[in-house]
Amino acid sequence: MITIPKHTIPTYNPSSTAINEHSDFTRRIPSYPPKVLARVEKIIKQLIQAHDVEENPEKMKDIFFKKASILPNPTYWELLRSVWVAAGRVDNVHEFMPFFKSNRPSKNWFMTPEDATAFDKMIFPLKVYRAYSQEPDPGISWTLNEQWCKEYAAVRDIHVKSRTVMREDVFAYISRRGEEEIIILPK
(Lines give C-alpha, C1' and ligand atoms only; values in the text may rest on other atoms or scores of the structure.)
Protein backbone atom coordinates (compact mmCIF):
# COMPACT_ATOMS: atom_id res chain seq x y z
CA MET A 1 0.00 0.00 0.00
CA ILE A 2 1.30 3.44 -0.92
CA THR A 3 0.87 6.27 1.58
CA ILE A 4 0.27 9.71 0.07
CA PRO A 5 1.72 12.56 2.13
CA LYS A 6 -0.92 15.06 3.25
CA HIS A 7 0.59 17.89 1.20
CA THR A 8 -0.20 15.99 -2.00
CA ILE A 9 -3.89 15.44 -1.20
CA PRO A 10 -5.98 16.88 -4.05
CA THR A 11 -7.28 20.39 -3.62
CA TYR A 12 -10.83 21.26 -2.57
CA ASN A 13 -13.52 18.76 -3.58
CA PRO A 14 -17.01 20.21 -2.98
CA SER A 15 -18.57 16.74 -2.69
CA SER A 16 -16.15 15.50 -0.03
CA THR A 17 -17.24 15.03 3.55
CA ALA A 18 -15.24 14.94 6.75
CA ILE A 19 -15.29 11.25 7.59
CA ASN A 20 -13.41 9.72 10.49
CA GLU A 21 -10.31 8.88 8.48
CA HIS A 22 -9.89 12.59 7.80
CA SER A 23 -11.39 14.09 10.94
CA ASP A 24 -9.10 12.47 13.52
CA PHE A 25 -11.86 11.60 15.97
CA THR A 26 -10.54 10.91 19.41
CA ARG A 27 -7.80 8.32 19.52
CA ARG A 28 -5.90 9.35 22.64
CA ILE A 29 -7.52 8.33 25.90
CA PRO A 30 -5.54 9.16 29.01
CA SER A 31 -5.70 7.01 32.10
CA TYR A 32 -9.01 7.84 33.73
CA PRO A 33 -10.73 6.08 36.60
CA PRO A 34 -13.15 3.42 35.28
CA LYS A 35 -16.25 5.53 35.99
CA VAL A 36 -14.84 8.54 34.09
CA LEU A 37 -13.64 6.33 31.25
CA ALA A 38 -17.12 4.78 30.91
CA ARG A 39 -18.69 8.26 30.77
CA VAL A 40 -16.18 9.41 28.13
CA GLU A 41 -16.73 6.30 26.02
CA LYS A 42 -20.50 6.76 26.17
CA ILE A 43 -20.25 10.37 24.94
CA ILE A 44 -17.82 9.41 22.18
CA LYS A 45 -20.21 6.69 20.99
CA GLN A 46 -23.06 9.23 20.91
CA LEU A 47 -20.94 11.62 18.83
CA ILE A 48 -19.90 8.90 16.40
CA GLN A 49 -23.51 7.70 16.12
CA ALA A 50 -24.68 11.22 15.27
CA HIS A 51 -21.87 11.77 12.77
CA ASP A 52 -21.40 8.40 11.06
CA VAL A 53 -24.76 6.67 11.32
CA GLU A 54 -27.22 9.55 11.39
CA GLU A 55 -24.99 11.90 9.34
CA ASN A 56 -26.22 14.75 11.54
CA PRO A 57 -23.43 17.21 12.43
CA GLU A 58 -25.91 19.50 14.20
CA LYS A 59 -26.87 16.69 16.56
CA MET A 60 -23.19 15.95 17.11
CA LYS A 61 -22.59 19.61 17.99
CA ASP A 62 -25.56 19.67 20.37
CA ILE A 63 -24.38 16.51 22.15
CA PHE A 64 -20.94 18.00 22.70
CA PHE A 65 -22.32 21.34 23.87
CA LYS A 66 -24.58 19.60 26.41
CA LYS A 67 -21.96 17.15 27.67
CA ALA A 68 -18.79 19.30 27.55
CA SER A 69 -18.96 20.29 31.21
CA ILE A 70 -18.71 16.66 32.37
CA LEU A 71 -15.75 15.77 30.14
CA PRO A 72 -12.23 15.60 31.56
CA ASN A 73 -10.02 18.40 30.23
CA PRO A 74 -7.91 16.52 27.64
CA THR A 75 -10.98 14.82 26.18
CA TYR A 76 -12.90 18.13 26.13
CA TRP A 77 -10.26 19.68 23.86
CA GLU A 78 -9.84 16.65 21.65
CA LEU A 79 -13.57 16.25 21.10
CA LEU A 80 -14.00 19.98 20.53
CA ARG A 81 -11.61 19.63 17.57
CA SER A 82 -13.58 16.71 16.14
CA VAL A 83 -16.91 18.50 16.55
CA TRP A 84 -15.50 21.70 15.03
CA VAL A 85 -14.17 19.76 12.02
CA ALA A 86 -17.52 18.04 11.51
CA ALA A 87 -19.98 20.81 12.37
CA GLY A 88 -18.18 24.17 12.59
CA ARG A 89 -19.30 26.84 10.13
CA VAL A 90 -19.25 30.60 9.86
CA ASP A 91 -22.96 30.77 10.75
CA ASN A 92 -22.47 28.86 14.02
CA VAL A 93 -19.01 30.06 15.06
CA HIS A 94 -20.61 32.21 17.78
CA GLU A 95 -21.92 28.99 19.40
CA PHE A 96 -18.40 27.53 19.48
CA MET A 97 -16.67 30.64 20.87
CA PRO A 98 -17.33 29.98 24.59
CA PHE A 99 -15.83 26.51 24.15
CA PHE A 100 -12.78 27.78 22.24
CA LYS A 101 -12.21 30.52 24.81
CA SER A 102 -12.43 28.18 27.79
CA ASN A 103 -9.63 28.43 30.35
CA ARG A 104 -9.68 24.68 30.93
CA PRO A 105 -6.22 23.09 31.17
CA SER A 106 -4.82 20.74 28.50
CA LYS A 107 -5.62 23.05 25.57
CA ASN A 108 -2.71 21.40 23.73
CA TRP A 109 -5.00 18.37 23.21
CA PHE A 110 -6.99 20.36 20.64
CA MET A 111 -4.39 19.62 17.96
CA THR A 112 -3.45 16.08 17.04
CA PRO A 113 0.16 15.21 17.88
CA GLU A 114 0.96 15.38 14.15
CA ASP A 115 -0.63 18.81 13.77
CA ALA A 116 1.15 20.09 16.87
CA THR A 117 4.48 18.91 15.44
CA ALA A 118 3.73 20.60 12.10
CA PHE A 119 2.68 23.80 13.89
CA ASP A 120 5.87 23.83 15.97
CA LYS A 121 7.92 23.67 12.75
CA MET A 122 6.12 26.63 11.10
CA ILE A 123 8.15 29.76 10.56
CA PHE A 124 6.32 32.96 11.42
CA PRO A 125 5.09 35.38 10.24
CA LEU A 126 2.75 33.31 8.04
CA LYS A 127 0.47 34.42 5.25
CA VAL A 128 -3.02 32.93 5.62
CA TYR A 129 -6.10 33.07 3.42
CA ARG A 130 -9.83 33.08 3.99
CA ALA A 131 -12.85 32.70 1.72
CA TYR A 132 -15.74 34.89 2.87
CA SER A 133 -19.03 36.23 1.57
CA GLN A 134 -19.25 39.68 3.18
CA GLU A 135 -17.77 41.96 5.81
CA PRO A 136 -17.91 41.96 8.71
CA ASP A 137 -16.72 38.38 8.50
CA PRO A 138 -17.06 36.50 11.81
CA GLY A 139 -15.15 33.46 10.56
CA ILE A 140 -12.18 32.05 12.47
CA SER A 141 -10.94 29.51 9.89
CA TRP A 142 -8.07 30.56 7.69
CA THR A 143 -5.82 28.39 5.55
CA LEU A 144 -2.18 28.19 4.58
CA ASN A 145 -3.24 26.78 1.21
CA GLU A 146 -3.96 29.69 -1.14
CA GLN A 147 -4.96 27.42 -4.06
CA TRP A 148 -7.44 25.48 -1.86
CA CYS A 149 -8.96 28.77 -0.69
CA LYS A 150 -9.33 30.13 -4.23
CA GLU A 151 -11.00 26.93 -5.44
CA TYR A 152 -13.33 26.86 -2.42
CA ALA A 153 -14.28 30.51 -3.05
CA ALA A 154 -14.79 29.96 -6.79
CA VAL A 155 -17.24 27.09 -6.21
CA ARG A 156 -19.29 29.34 -3.90
CA ASP A 157 -18.80 32.62 -5.82
CA ILE A 158 -17.37 34.37 -2.75
CA HIS A 159 -14.26 36.48 -2.04
CA VAL A 160 -10.75 35.67 -0.83
CA LYS A 161 -8.73 37.75 1.59
CA SER A 162 -5.32 37.28 3.16
CA ARG A 163 -3.40 38.46 6.17
CA THR A 164 -0.11 37.87 7.90
CA VAL A 165 -0.17 36.30 11.36
CA MET A 166 2.28 35.70 14.16
CA ARG A 167 2.46 32.52 16.25
CA GLU A 168 0.65 34.17 19.17
CA ASP A 169 -2.32 35.01 16.87
CA VAL A 170 -2.99 31.33 16.13
CA PHE A 171 -5.23 29.21 18.35
CA ALA A 172 -4.56 25.96 16.47
CA TYR A 173 -3.57 24.27 13.23
CA ILE A 174 -5.67 21.45 11.74
CA SER A 175 -4.56 19.52 8.67
CA ARG A 176 -7.55 17.99 6.93
CA ARG A 177 -8.80 17.56 3.36
CA GLY A 178 -5.84 19.62 2.10
CA GLU A 179 -7.24 22.72 3.80
CA GLU A 180 -4.40 23.31 6.29
CA GLU A 181 -6.71 25.22 8.62
CA ILE A 182 -5.40 27.92 10.92
CA ILE A 183 -7.86 28.95 13.63
CA ILE A 184 -7.59 32.59 14.67
CA LEU A 185 -9.89 33.61 17.50
CA PRO A 186 -11.04 37.23 17.83
CA LYS A 187 -9.34 39.17 20.60
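**Before you start**

This is a predicted model, in which local features need pLDDT of at least 70, side-chain atom pairs count only at pLDDT 80 or more, and totals for chains, interfaces and linings use all residues. Residues are numbered from 1 along each chain as its sequence is written, and side-chain values use heavy atoms, with hydrogens and water left out.

**Stop 1: the whole chain**

Show the chain as a cartoon. Count seven helices and five strands. Here helices (H or I, at least four residues) and strands (E, at least two) are DSSP runs, numbered from the N terminus. Trace the order from the N terminus: α-α-α-α-α-α-β-β-α-β-β-β.

Of the 187 residues, 46% count as buried. Buried means under 20% relative accessible area, exposed over 50%, and partly exposed in between (1.4 Å probe, protein chains only).

Contact means heavy atoms within 4.5 Å. Take the contacts between residues at least 6 apart in sequence: 69% of them join residues at least 24 apart.

**Stop 2: the core**

Hide the surface. Select Phe64, Leu80, Phe100, Phe110 and Ile183. These have the most contacts inside the largest nonpolar core, a set of 46 residues. A nonpolar core is a set of buried Ala, Val, Leu, Ile, Met, Phe, Trp, Tyr and Cys residues joined through side-chain atoms within 4.5 Å. Which elements give two or more residues to this core? They are α2, α3 (57-67), α4 (73-87), α5 (93-100), β1 (126-132), β4 (172-174) and β5 (181-183). Helix α4 gives the most, with eight residues. In soluble globular proteins, nonpolar side chains tend to be buried together.

Centre on Phe64. Beyond its neighbours within four places in sequence, Phe64 contacts Leu47, Leu71, Tyr76, Leu79, Leu80, Val83 and Phe99.

**Stop 3: helix α3 and its partners**

Select α3. Its buried residues are Met60, Lys61, Ile63, Phe64 and Phe65. They pack against α2, α4 and α5.

How do the axes of α2 and α3 cross, and within what distance do they come? They come within 8 Å and cross at roughly 160 degrees. Axes are lines fitted to C-alpha atoms, for helices over the stretch in contact, and angles run from 0 to 180 degrees between N-to-C directions. That angle makes α2 roughly antiparallel to α3 (over 145 degrees counts as roughly antiparallel).

Show the side chains between them. Ile43, Gln46, Leu47, Ala50 and His51 in α2 meet Lys59, Met60, Ile63, Phe64 and Lys67 in α3. Ile48 is partly exposed, at 30% relative accessibility. Its C-alpha atom is 7.8 Å from that of Met60, twelve residues apart along the chain.

The axes of α3 and α5 come within 12 Å and cross at roughly 35 degrees. This crossing is left-handed. Lys61, Phe64 and Phe65 in α3 meet Glu95, Phe96 and Phe99 in α5.

**Stop 4: Thr143**

Go to strand β2 (residues 141-143) and select Thr143. Is Thr143 buried or exposed? Thr143 is buried, with a relative accessible area of 2%. Leave out residues up to four places away in sequence, and Thr143 touches Lys127, Val128, Tyr129, Trp148, Cys149, Glu179, Glu180 and Ile182.

**Stop 5**

Most residues other than glycine have a negative phi, and most peptide bonds are trans. Now look at some exceptions.

- Phe124 and Pro125 are joined by a cis peptide bond, with omega about 5 degrees. Pro125 lies in the loop between α6 (113-121) and β1.
- Glu135 and Pro136 are also joined by a cis peptide bond, with omega about -5 degrees. Pro136 lies in the loop between β1 and β2.
- Ser106 has a positive phi, near 75 degrees. Ser106 lies in the loop between α5 and α6 and is partly exposed at 23% relative accessibility.
- Asp157 has a positive phi, near 55 degrees. Asp157 sits in the loop between α7 (146-156) and β3 (159-165) and is exposed at 72% relative accessibility.

Methods. Angles under 35 degrees count as roughly parallel, over 145 as roughly antiparallel, 65 to 115 as roughly perpendicular and the rest as oblique. A crossing is left-handed if the near helix is turned anticlockwise from the far one by less than a right angle, and right-handed if clockwise.
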